[in-house]
Amino acid sequence: MKRFQLTALAAASFAVAAPAMAQSSTTNVTLYGVIDAGVAYVNNVATGLNAKGAHNFQAVSGIGQGNRWGLKGSEDLGGGLKAVFVLENGFNLMNGTMLQNSRMFGRQAYVGLQSAQAGTVTIGRQYDSVVDFVSPLTSAKQWATQYGAHIGDIDNLYNSFRVNNSVKYTSANYSGFSFGALYGFSNEPNTGNGTGFSHNNAFSLGASYANGPLTAALGYMHLSSPGTANASGAVSNDYSSATDIFYTSAVDKHDIAAAGVSYQIQAATIGFVYSYAKVKYVNQSSIRVNTFELNGKYQIAPNLVGGLAFIYSDGSVGGATALSGISKGTKPRWFQVNAGTTYAFSKRTETYLNGVYQRATGDAVVAAIDNVGGPTGTGAQSQIAVIAGVRHKF
């Protein structure tokens, strides 16, 4: 990461009149980023739920870790208090376009105050507490790439969406224990007809404990009327995808609860993650998905890590209208295996090789590994994806 300073002298040309206190202060700014690309193979992928699938070789961007560049900074205000900010852009390396629906700083954008004793309060576009506390314990976030995310990322543990208009508190670390909360405003006046304070708002809570080899975390998030009905609300334009197997109707409520634990035994780390996601649609259809993940990784050499994970997702459908083409009944299930290795050339540059196998069972009609380009489509219930990639951090 590249660091530089903006001082009052350097800024004098564009800040002619500024308070004396501001002129004597220094803001430390860090330029950072991730550049990730690879080549992937999918054995069976279709453009939609009812289309015919085919195998596909493709160059892919940001599957190992989302491509980004950003600026983060702080100013020491004295007495253990700092002003902090982050502006983070997501981009597609293959064509140079911006991600997160073409937002300039779609990954994160916030400003706030940080106290070494009391914690941090920030305002802007941010991650929720489930992502902050539980997501790091999943295999997808550690080594298995986005392909290793849970079915449809319905539990958002691979942060498919962020929360706009949000006020967030993150505590300091108290002997290994930390906690946080977030609220995302709808930014809509109450004029009746379903509008107002709860029309596309969000809130979340989370906590974690880390002590030696043990790490444990839990989190909860609630979204009310997310989507484009109130495009200026907390979560907007994040469910829209022609190949998304779940969000085929407008969402009324989305609830997520998750917990995880990991334990390190010398070179090995074993982890378990559980998530519960319930999506209720405006047409009164709904789906509940309980996901169980057992994962492990082993430090084969100082610069080589191997990982393996088993994931089982148990669904329950209430009303089939919103899920037509996904399930032939009320009990869709998915079984998934993640396997991979990561080799580090240095602290900044590494390569990875990962494979994911997913099979639709029970009443599920299609498999859909996250972000491979689509589900299996008509007549196929298993999907395999393999990716070889390289990643550089600066």
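Q: What makes the residues of the lining of the largest cavity divide into nonpolar, polar and charged?
A: In this predicted model, the lining comprises Thr138, Ser139, Ala140, Gly148, Ala149, His150, Asp153, Asp155, Leu157, Tyr158 and Glu293. Ala, Leu and Tyr count as nonpolar, Asp and Glu as charged, and the others, Gly among them, as polar. The lining therefore divides into four nonpolar, four polar and three charged residues.

Q: Why is the space they line called a cavity?
A: The term applies because a 1.4 Å probe fits at its points but cannot get out. The volume of the largest cavity is about 50 Å³, and the count at 30 Å³ or more comes to one.

Q: What makes a set of residues a nonpolar core?
A: Its members are buried and are joined through side-chain atoms within 4.5 Å. The largest such core has 38 residues, and those touching the most other members are Ile154, Ile245, Phe246, Tyr247, Tyr281, Ile287 and Trp334. Strands β12 (251-265) and β14 (286-301) are among the elements that each supply at least two residues, while β13 gives the largest share, four residues. A second, separate core has twelve residues, including Val45, Ile63, Tyr352 and Val372.

Q: How do you know that β10 and β11 pair?
A: Pairing requires at least two bridges. Strands β10 (residues 201-211) and β11 share eleven, in the antiparallel sense, so they pair by this definition.

Methods:
Residues are numbered from 1 along each chain as its sequence is written. This is a predicted model: local features need pLDDT of at least 70, side-chain atom pairs count only at pLDDT 80 or more; totals for chains, interfaces and linings use all residues. Side-chain values use heavy atoms; hydrogens and water are left out. On a 1 Å grid over the protein atoms alone, a cavity is a set of points where a 1.4 Å probe fits but cannot get out, and a pocket is an open set with protein on both sides within 12 Å along at least five of seven lines; lining residues have an atom within 4 Å of a point. Grid points are joined across faces, edges and corners, and a volume is the space filled by probe spheres set on the points. Buried means under 20% relative accessible area, exposed over 50%, partly exposed in between (1.4 Å probe, protein chains only).
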